[in-house]
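Q: Hi! Could you walk me through the charged pairs in this one?
A: Happy to, let's have a look.

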Amino acid sequence: MVAGAFPLAKLMYLGVRQLSKPLAARIKDGARASPFFRQYICGPPAQIYHWIEMRTKMRIMGFRGAAIKPLNEEAAAELGAELLGEAIVFGVGGLCIFLEYSRQSTNSKKKEEELSSTLLGLQEQLAELTLTVETLDAQLREVNRALVAVSASPKK
């Protein structure tokens, strides 16, 4: 059952991811065109990303303490828009995975509750049957005592 569900979930994930790409492209275009997005939404993450990336590359190449120049506004807006688009695609994919996990969790809880209620029902039936057997056993002993008493009594 899990093997059959996994390709379907993967196919749905890929479908949603493909649908999120045009959405991300539209948001990126809007971000490039809007001065507010360029300056406050796209610019700062792009500058931080550029600084971390360049610092890491410099350290790998052995340069310590080299000054890193910030990106110009156009390059920062472009990089920030790309980062925003990738974050949207990643967020949609993560949301799909979370929703699938939540659905599976709900299904397993439902199955567990059904099994629990079935087990409880069976335990109740067992208790009733045990009580019935004990009642029948007591009646059988009473009948046996009466039979022994009748057979042991002197015949007249």
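A: Glu 142 forms a salt bridge with Arg 145, with 3.4 Å between the closest N and O atoms; a salt bridge is a side-chain nitrogen of Lys or Arg within 4 Å of a carboxyl oxygen of Asp or Glu. This is a predicted model, where local features need pLDDT of at least 70, side-chain atom pairs count only at pLDDT 80 or more, and totals for chains, interfaces and linings use all residues. Residues are numbered from 1 along each chain as its sequence is written, and side-chain values use heavy atoms, leaving out hydrogens and water.

Q: Is Arg 145 buried or exposed?
A: Arg 145 counts as exposed, at 52% relative accessibility. Buried means under 20% relative accessible area, exposed over 50%, and partly exposed in between (1.4 Å probe, protein chains only).

Q: And Glu 142, what does that count as?
A: Glu 142 counts as partly exposed, at 48%.

Q: How many salt bridges does the count come to?
A: The count comes to six.

Q: Which residue does Glu 74 pair with?
A: Glu 74 forms a salt bridge with Arg 38, their closest N and O atoms being 2.9 Å apart. That pair links distant parts of the chain, with Glu 74 in helix H3 (residues 73-152) and Arg 38 in helix H2, 36 residues apart. Helices are DSSP runs (H or I, at least four residues), numbered from the N terminus.

Q: Is Arg 38 buried or exposed?
A: Arg 38 counts as buried, at 17% relative accessibility.

Key:
Helix = DSSP H or I, 4+ residues; strand = E, 2+ residues; numbered from the N terminus.
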